[in-house]
Amino acid sequence: MKKVLLASVFLLGLLSITPMAQANQVIGSGDNEMDNVTKQYGLAQPTESIPKLSQELVLDDSLSSDEPFVIEEYTTTSNQTFPVRHEEPDASFNDANSFQFDHSGDAFLPDMNSTSPERQSADPGFTTDSHTSEPILGPIDHHYIKALPYWTKEGHWFPKTDYSQLRYQVNFGTYLGVANFRAYVKVQSDQDTIPRYLRFYFDGGKVGNDKVIYAGTNEATFEMSIWWGGTHTLTVEIFYGGYKDYGWKLALMEVYSPAWHPPPRGEQSYEDYTWHYRRDLETEFFRKTPYSRLEFDVILGPSSYAYIKIDRHNDEYTRYFWIYVDGVKKNGDDDLTPLSKLFYLGSYTRGSLHKLRLEIYYADYKDYGWKLDLKFKVYYSSLFVEVDYMNATDHNHKPDQVSISNLITDYYRLHGAQNLAFIIDDAITPEITSLSWNQHESLYQNRFDHKGQYGWKYMVVGHYGLSDQIGYVFEDPPDVPNDTMIFIAAQRIADELPYYWLQGVRYEKWMRTVIMHEVGHTVGIGIWNPNEVYCPQPYSVMAFFATPGSATEDYQEYDWEHWSLRSMP
Amino acid sequence: MRFASLKRAYILSVVFAGILIPVSSVGVRILQDPIKPWMHREEWSDIVAQDPYFGNTTLIVRGVIIDVALNRTMFGYMSYHTFPALITLNLTEVIWVDSGVWRARNKTVISVGYDFAETPNVTVGGSYEVRGFWLSITDSAYSYTLVVAPSVKGSYIKPL
């Protein structure tokens, strides 16, 4: 018995140290090679250079993107004389005018850009209806919350029918007793300019009073008290909606806890709970009608794709599924529900606005027959990051696609119209353990295969970089576009990891955080005054390092304020 | 009896090893790192600043001082540094730029991080020449700041 006990103590001791040891050996030999070069930026040291390319380069030319064909098409259709500074596209660029759509979805932010007197009032939670002067609860201070998934795209059209409804399924979790939630709805008129009623239903029961909506943009909030949580159906209805096609569209809908109060603007605050206040819309139901359609305004560009997932709810039969862009069918007749599939939509002018229709036939059998997973994505080729990594005999710093780069790509597709693709490219060997300034420059000049090509960034994942920094972007490297080269000190992350292991920080999580932070800088995400003003919300990837924070999360995200600053190619 | 004692001694050593090795390993690692797990972010101050990575002058400019802020703290991703004075300079002329460091990005106003112990003898509205170290990468407490410090050889701020 004693032996068992003692053996258990020994094993427990070993177990307690194993994660830390593992953390330290994730990518490195474990030796902390902090020599003088690591501590110095090594400026103006012309004798330093990376070894000659022919002797050291090991090409891992698999271009291991999950969609390599996207890259091929993009590069072959692109003009190779694109301007070096992507922020200032040359007028000769054939679709440069489309840059007006850089901030996809931002026009629908509920309150960020508003300067109305109501927004300036002492309580930022109140404003008034511009037509009735009645108070509207709910404008949200989006500065410190996570960016909203792009689930309404540029607008979700209400169907042309008398009682025009959009019906969502939301999971409110599990809790004891009752909790209050608020639904914030923003609708805009298009072809219909006649005032209508806006209604909101919770599991079929009407919530609050009818709201009168007018031509233009209308905001409304609806309060709900929900017992025990669970999954429920929320319905937004416009009556009368049968007057014209494309009469009204849903610009934004957000369900959240009204108990949340934003921290005062400008304070370095750790209001952790604010990050998780929202309930995501999970699925949207197709209507019970023979040709059941969900239609969205979407932004498309070169090599546009749509990832669609439709799940069965009440209908036990399979049905036809068709996808249309501007009325043109983009698939054959062999796509049947349920399905989970990537559809190629074609190439369009970068950033141009189109109508995307999802259609199921025959859907008049049962109500709530089919539902669309709202993690559906519509995106076009936009931003590419060529990744070179340091390689040694006993380790390498190649970022894992499954656990690191694919999750970042998923975020960009879910939260915007532009795709981000990581192209894992060259292994740089032998490893340079501590890169000096000049070596960064040399790598950029000699190893960046897509140097000067539109939309391409260059990322080196290495051992140690300048000083003790974990990651950084060069603001103005010589003769190259602004904010193009990223360096990630992967070994530095591994070295720091043991100290934060017990707080939930893991290598992959931290890598994703740092890469998203730095990639964000390359597309204009950042606030400077004159140094970087980090997001005070620690769960944002644009915050400074903190635990709990972004590096302890399973899915890294930008805060809405920073995300809205992006300027994608 | 003898066997039992030996066993006990063996087991004891195993127990010691099982407890001491991990504890001491963690202890050593913690002691090695200047940033301790229990430290608040505010306590990291100047740890990075002590790195001797400022050595070279990379930029000499002239301009008019439009603001002087004393004891201004600048943040990096995992560090911060408090400058005794942070001077905002309206650029009038770029005298010299080290190759590979400064790229004109139509900057008209820059910050000068004055890192000498004594308060700088400058006045708002006056014209000055500043020689120092410019760091044009992100996520450092010294990013986008022209640093005038004892560690930067020949750095100065002097009236014109």
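The crossing of α7(A) and α8(A) is right-handed; a crossing has that hand if the near helix is turned clockwise from the far one by less than a right angle, and is left-handed if anticlockwise. This is a predicted model, in which local features need pLDDT of at least 70, side-chain atom pairs count only at pLDDT 80 or more, and totals for chains, interfaces and linings use all residues. Residues are numbered from 1 along each chain as its sequence is written, while chains are lettered from A and ligands numbered from 1 in the order in which they are written.

**The α7–α8 pair**
- Helix α7 (residues 490–500) and helix α8 (residues 507–522) of chain A have axes that come within 10 Å and cross at roughly 135°. Axes are lines fitted to C-alpha atoms, for helices over the stretch in contact, with angles from 0 to 180 degrees between N-to-C directions.
- The two helices are therefore oblique to each other. Under 35 degrees counts as roughly parallel, over 145 as roughly antiparallel, 65 to 115 as roughly perpendicular, and the rest as oblique.
- From α7(A), A:Ala490, A:Ile493, A:Ala494 and A:Leu497 make the contact; from α8(A), A:Tyr507, A:Trp510, A:Met511 and A:Val514 do. Contact means C-beta atoms, placed from the backbone, within 7 Å.
- These residues divide into 8 nonpolar, no polar and no charged. Nonpolar covers Ala, Val, Leu, Ile, Met, Phe, Trp, Tyr, Cys and Pro; charged covers Asp, Glu, Lys and Arg; the others, Gly among them, are polar.

**Chain A overall**
- Chain A has 9 helices and 25 strands. These are DSSP runs numbered from the N terminus: helices are H or I of at least four residues, strands E of at least two.
- Of its 569 residues, 46% count as buried. Buried means 20 or more other C-beta atoms within 10 Å of the residue's own, exposed 12 or fewer, partly exposed in between, with C-beta atoms placed from the backbone.

**Core and packing**
- The largest nonpolar core has 98 residues, and A:Ile488, A:Ile493 and B:Val112 have the most contacts inside it. Such a core joins buried Ala, Val, Leu, Ile, Met, Phe, Trp, Tyr and Cys residues through C-beta atoms within 7 Å.
- Buried residues of α6(A) pack against β23 (456–462) and β25 (485–489) of chain A. Among those buried are A:Trp437, A:Leu443 and A:Tyr444.

**A:Gln188**
- A:Gln188 lies in strand β5 (residues 163–189) of chain A.
- With 17 other C-beta atoms within 10 Å, A:Gln188 is partly exposed.
- Its C-alpha atom is separated by 35 Å from that of A:Tyr175, 13 residues apart along the chain.

Key. Contact = placed C-beta atoms within 7 Å.
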